[in-house]
Amino acid sequence: MRRVGIVALNTFREAVRDRVLYNLVFFALAMIAASILVGQISIGIEQMVIVNLGLSAISVIGLLIAVFIGVGLVSKEMEKRTLYALLAKPVRRWEFLLGKFGGLLLTLTVNTIAMAVGLFLALSIIKQSDEHPEAAVLVAVYFILLKLALVVSLALLFSCYTTPLLAILCTAGLYIAGLFVKEMRGFQSETMSRALQSFLHGLSYVLPNFENFDVMAAAAHARAIPRALIAQNTLYAALYCAVVLAAAAAIFTRRNLK
Amino acid sequence: MATAAIEIENLTKDYPFGFLHLKKRTSLEGLTMSVENGEVFGFLGPNGAGKSTTIKLLMGLIFPTAGTARILGKPISDISMHADIGYLPEQPYFYDYLTAAELLDYFARFHDLSAQDRKARVDLMLKKVGLETARKIQLRKYSKGMLQRVGLAQAILHDPKVVILDEPMSGLDPVGRREVRDIILELKQAGKTVLFSTHILSDAETLCDRVGVIVGGKLRGVGAPDEIVGIRAQGLEILFEYTGASDALQGLLSKATQTGTRYRMQVPESALYAAMQQLCGVGAKVVSVTQVKATLEEYFMHLVEADRAQAPAVEVSGK
């Protein structure tokens, strides 16, 4: 695991030097500015608007980083051949892959924490009601991180065996499909064959369920999020990531480099 | 009996191509050779001959279609053996957001060196490859030659037993080439095994204990440079002075090149005695008789041309 950590820290250093994290300062300032503006134009629902706006922004920015940097984690190393010298060291391919995953996750965590700080600052500025959404917002941010971990693992998997563009499309496609698994599960139609219904039902359990991670409405209304859901989502994300990363490692370990 | 540092047996690599990958192109065909401990081995061949493919197979970057290879007695699939191997990729490219010192420190971390040892090794390597003053410059600002030096530094950073260099002279100016040659000689003196591929035949002749020539994915010859070119000995050269009438040496002079009163002429070994008799008979003064040896380049070109003409492989006895 020491070697995984070395790769992860270097991946984080790359992200920092590529100035990915610079958007954080901008985001934090924008959130505070938006809170002042929203406070002036909305009456009574400022807090809800700020929470929705802030969590959406954290999610979208995180997703963009997870997909675009996630896909490039391996493909860029293969294309530029920076991987050659590294794999000549006593590093196993799965260790490299796990290190890359860990490095981007660390980047996303720092990114998300910084943006969450901006969100909490904005909330403290417009604080007027008796509601306390902080705990729910914190859980929502944690769920966004879990979701991002899943997306990074998928991006890594696809980038191990296809072109970067296809990997982006596949990752984005799976993310969108994963937002509708409940609908897919409950989908029934007279015109649809039983076999197709069974297939869709089965598929809904294979696809990553991103709906479970969306607690934005509860956070905006300062509703408590059940502990069971937190445990369930944590376990689900950990298991799903483990399976996807194992598949990525199996593919990457057998892959001929250019 | 000591085992060879690198043993390759019947190594073959096919690349599938076409829409359904049904066709295959053979990049390396049944390569069998070995590199002894402490030996400097030059791997020669034209572009696309299979040199880099062989090296990538040894480093586990690609996987063989058939055959096996062992380095320091361990199969190439055993990653632990990489602790004792240094590798310089062809046209190396490194993380351009790092400085040379940071890159070397990063790579050194995989070799279980303490922070103190890492710093000492990094400083030593940067000095060895002449990059001390550029140690804090990001690699994105490095020239091709400087990257090559960094590549060499990271390959020998951990004092490996076996060093594999893919085109180490590529992109270097004459000074850089000389420095790389000196490093290879230092490694040899330190008892390291060095396998390097090159296009620069004079370097191979100067540095190598043995060379292997690969053309069209097949090994065409292995041996010491002297031994390998001796196979195509080109006869004898006679240098003589003659001021008499040209009629008396009509037959011989037509084959000679003249510089003032001196003539230089090549004859096969079997015709030497007759030529000498004829020269002495007309009063020519023989200055010297030397054996003409083919250069490695001539031998190399002969093999390449033979391959292009689809000629059968030239049999060369290895050591």
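Predicted model: local features only at pLDDT ≥ 70, side-chain atom pairs only at ≥ 80, totals over all residues.
Chain B has 319 residues, of which 40% count as buried. The two chains touch, with 23 residues of chain B in contact with 19 residues of chain A. On confidence, chain A averages a pLDDT of 87, and 94% of the residues score at least 70.

**Overall shape and confidence**

- Chain B is built with 10 helices and 14 strands.
- Its radius of gyration comes out at 25 Å, while a compact globule of 319 residues would sit near 20 Å.
- Taken along the principal axes, the C-alpha atoms of chain B fill a box of roughly 80 × 50 × 45 Å.
- If you count the contacts in chain B with a separation of 6 or more, 71% of them join residues 24 or more positions apart.
- Among the elements of chain A, the lowest mean pLDDT (72) belongs to helix 2 (residues 22-41), and the highest (95) to helix 11 (residues 227-254).

**Where the chains meet**

- On the side of chain B that touches chain A, the elements giving two or more residues are strand 6 (85-88), helix 2 (100-109) and helix 4 (144-156) of chain B.
- Helix 2 of chain B gives the most to that side, with 3 residues.
- Sorted by class, the side of chain B that touches chain A has 17 nonpolar, 5 polar and 1 charged residues.

- Zooming in on B:Leu103 and skipping its neighbours within four places in sequence, the residue is in contact with B:Phe94, B:Tyr95, B:Leu98, B:Leu139, B:Val150 and B:Gln154.

- Strand 7 of chain B has 5 of its 5 residues buried, so it is largely enclosed by the rest of the structure.
- Side chains in a regular strand alternate between the two faces of the sheet.
- In strand 7 of chain B, B:Val162, B:Ile164 and B:Asp166 point one way and B:Val163 and B:Leu165 the other way, and all are buried.
- Strand 6 of chain B runs parallel to strand 7 of chain B, and 4 bridges join the two; B:Leu88 stands opposite B:Leu165 there.
- Strand 8 (residues 193-198) of chain B also pairs with strand 7 of chain B in the parallel sense, over 5 bridges; in this pairing B:Asp166 stands opposite B:Ser197.

**The antiparallel set around strand 13 of chain B**

- Strand 13 (residues 262-267) of chain B pairs with strand 11 (residues 236-241) of chain B in the antiparallel sense, over 6 bridges.
- Within that pairing, B:Gln266 is the bridge partner of B:Glu237.
- Strand 12 (residues 257-259) of chain B is also antiparallel to strand 13 of chain B, with 3 bridges, and B:Gln258 stands opposite B:Tyr263.
- The hairpin of strand 12 and strand 13 of chain B has 2 residues between the strands, and B:Gly260 takes a positive phi near 65° in this hairpin.

**Single residues to look at**

- Most residues other than glycine have a negative phi.
- B:Asn10 has a positive phi, near 55°; this residue lies in strand 1 (residues 6-17) of chain B.
- With 13 other C-beta atoms within 10 Å, B:Asn10 is partly exposed.
- B:Asp159 also has a positive phi near 55°, and its place is in the loop between helix 4 and strand 7 (162-166) of chain B.
- B:Asp159 has 15 other C-beta atoms within 10 Å and is partly exposed.
- The C-alpha atoms of A:Tyr142 and A:Ile113 are separated by 9.4 Å, with the two residues 29 residues apart along the chain.

Key
Residues numbered from 1 in each chain as written. Chains lettered and ligands numbered in written order. Rg over C-alpha atoms; globule rule 2.2 N^0.38 Å. Buried ≥ 20, exposed ≤ 12 C-beta atoms within 10 Å, placed from the backbone. Contact = placed C-beta atoms within 7 Å. pLDDT = per-residue confidence, 0-100. Pairing = 2+ DSSP bridges. Nonpolar A, V, L, I, M, F, W, Y, C, P; charged D, E, K, R; others polar.
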